[in-house]
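Colleague: Please take a close look at the loops between helices in this model. Then set them against the rest of the chain.

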Amino acid sequence: MTTVLTPKAGFWAIALAFLTAMAFSTVPTPLYPLYMARDGFSTFTVTVVFAVYAAGVVVSLLLAGHISDRLGRKRVLLPALALELLAAVLFLTSASLPILLTARFLTGLGVGMITATATAYLQELHAAHRPSASRHRFEVVSTAANSGGLGLGTLIAGLLAQFSYGPLRTPYVIFLVLLTVSLIAVALTPETVPPQAEKYRYRPQRIGVHGDRTTYLAAAAAAFASFAVFGVFTSLAPGFVAGTLHHPSRALAGAVVFAVFGAAAVAQTLTGGLSAPAKSALGLLAQAGGIVVLVLGMHTESLPLFLLGGVSAGIGAGVLFKAALGSVAASAAPAERGAALAGLFLIAYIGLGVPAIGLGLAVQTLPAVIVMTWFATALLLLLTATALLSHRRPAVPPSPASPADPTSPARPASPTSPTSPARQLALSGGSGAERHR
């Protein structure tokens with residue numbers, strides 16, 4: 001399909017596609033209680049369905065999360081969105097467990113390909129449209145599309161499941177349409193990676209510890225703890241709200257998860273000006289305090305306390321993970337930053353799946369309140385270890401090459417750099433790049 005969008009319009013087209021894909025990934029979350037009621041799924045079955053999604057993300061990050069740097073952003077985004085589209089079709093064709101597992105795994109594969117690729121695409125389109133402007137717009141939009149999209153999916157699905165006909169079909173029909181629109185939008189967006197002259201030799205993403213070991217261990221513990229909270233809310237929280245707290249509303253289940261991810265996205269945006277130690281301290285305190293209040297809400301069967309604790313834990317998890325990304329980006333050498341961050345994301349997604357599976361197993365034989373109390377205790381110990389490691393790590397000032405956005409590895413300007421004349425010329429289709437500013 002012929003490219004027809006300017007870099008300015010393309011920026012918003014990719015933001016829409018990014019938001020839609022991340023929102024689609026959490027659509028099943030408020031619907032899990034319906035699957036449990038209709039098909040007799042246990043809490044553990046729901047946890048396995050979620051864990052399969054996390055496994056798909058990890059596999060995709062390892063095998064395909066990095067290849068858009070050489071093959072081009074569109075050549076990765078389009079197949080990734082096609083996987084999401086296929087998953088939506090599978091959700092509509094059957095609600096059997098094998099189909100749900102397959103659809104969730106495909107969703108995870110697509111999300112793993114989309115997350116890094118769409119973020120880089122947005123950065124490059126922003127630089128092409130506003131080469132002399134700050135990165136603030138890019139950072140706000142990418143955060144809103146990523147974290148905000150995760151929350152938006154649960155809100156939309158919950159509302160549709162509560163107030164529309166066919167609660168297990170209507171949300172997927174809506175997103176089938178939105179994903180189709182997103183595919184078209186991406187196809188119309190200008191490519192930001194020029195064709196490579198040399199032949200590309202594929203290698204899986206290399207994972208390793210880079211930079212100061214203590215800094216990396218502290219960041220890894222922070223990432224695991226942060227995503228453990230997100231994992232609980234995207235797998236088991238709707239069941240807790242319906243069961244332990246006696247509020248079976250699907251709209252409410254979606255709104256609770258939306259509040260957690262929305263709080264994380266807003267906090268990540270508003271804390272951009274804080275120093276790294278301040279972010280870490282805020283994240284640790286907010287997450288620790290939030291998980292305590294959340295468990296207290298479960299013990300007292302208080303929805304307001306549960307929600308307040310979830311929002312606080314979401315704020316803490318969002319800020320703490322952002323601080324972890326920043327510390328790893330500053331500690332690692334520019335040439336190794338991509339591999340260091342890939343390792344951190346791998347640990348984070350292990351944190352997303354493993355604790356949720358453990359909780360799903362535990363609630364088969366123990367009350368959910370007791371299980372969550374154990375989880376909170378383990379999380380507080382991990383956060384304490386993170387604080388101790390953070391206190392011991394040396395101060396690592398960012399090198400001149402360190403990026404403003406910790407998720408974007410810096411490298412010297414080259415013909416493929418978003419700020420280079422060659423890239424600007426390729427994006428503008430000739431010599432008219434100035435007209436797009």
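Modeller: Helices here are DSSP runs of H or I with at least four residues, strands are runs of E with at least two, and both are numbered from the N terminus. The model is predicted, so to read it note that local features need pLDDT of at least 70 and side-chain atom pairs pLDDT 80 or more, while totals for chains, interfaces and linings use all residues. Residues are numbered from 1 along each chain as its sequence is written, and side-chain values use heavy atoms, with hydrogens and water left out.

The loop between helix H10 (237–242) and helix H11 (250–270) contains His246. Phi of His246 is near 60°, a positive value in a residue other than glycine. Most residues other than glycine have a negative phi. With a relative accessible area of 51%, His246 is exposed; the classes are buried under 20%, exposed over 50% and partly exposed in between, with a 1.4 Å probe and protein chains only.

Glu301 sits in the loop between helix H12 (276–299) and H13. Its phi is also positive, near 55°. Glu301 has a relative accessible area of 46% and is therefore partly exposed. Helix H13 itself covers residues 303–331, and its 29 residues should span 42 Å at 1.5 Å a residue, which agrees with end C-alpha atoms 42 Å apart. The expected span is 1.5 Å times one less than the number of residues.

A further loop, between helix H4 (68–71) and helix H5 (74–93), brings in a charged pair. The side chains of Arg73 and Glu124 meet in a salt bridge, 2.6 Å from N to O. Arg73 lies in that loop and Glu124 in helix H6 (residues 97–129), so the pair ties together parts 51 residues apart in sequence. Both Arg73 and Glu124 are buried. A salt bridge means a side-chain nitrogen of Lys or Arg within 4 Å of a carboxyl oxygen of Asp or Glu. The whole structure holds 2 of them. Asp39 also forms one with Arg38, the closest N and O atoms being 3.2 Å apart. Here Asp39 is partly exposed at 34% relative accessible area, and Arg38 is partly exposed at 49%.

Of its 437 residues, 56% count as buried. Gly353, in helix H14 (residues 337–362), is buried at 5% and touches Phe50 and Ala54, leaving aside residues up to four places away in sequence. Contact means heavy atoms within 4.5 Å. The C-alpha atoms of Gly353 and Val52 are 8.4 Å apart, although 301 residues separate the two along the chain. Thr20, in helix H1 (residues 7–25), is buried at 6%; its contacts beyond four places in sequence include Phe175 and Ser182. Among contacts in the protein with a separation of 6 or more, 84% come from residues 24 or more positions apart.
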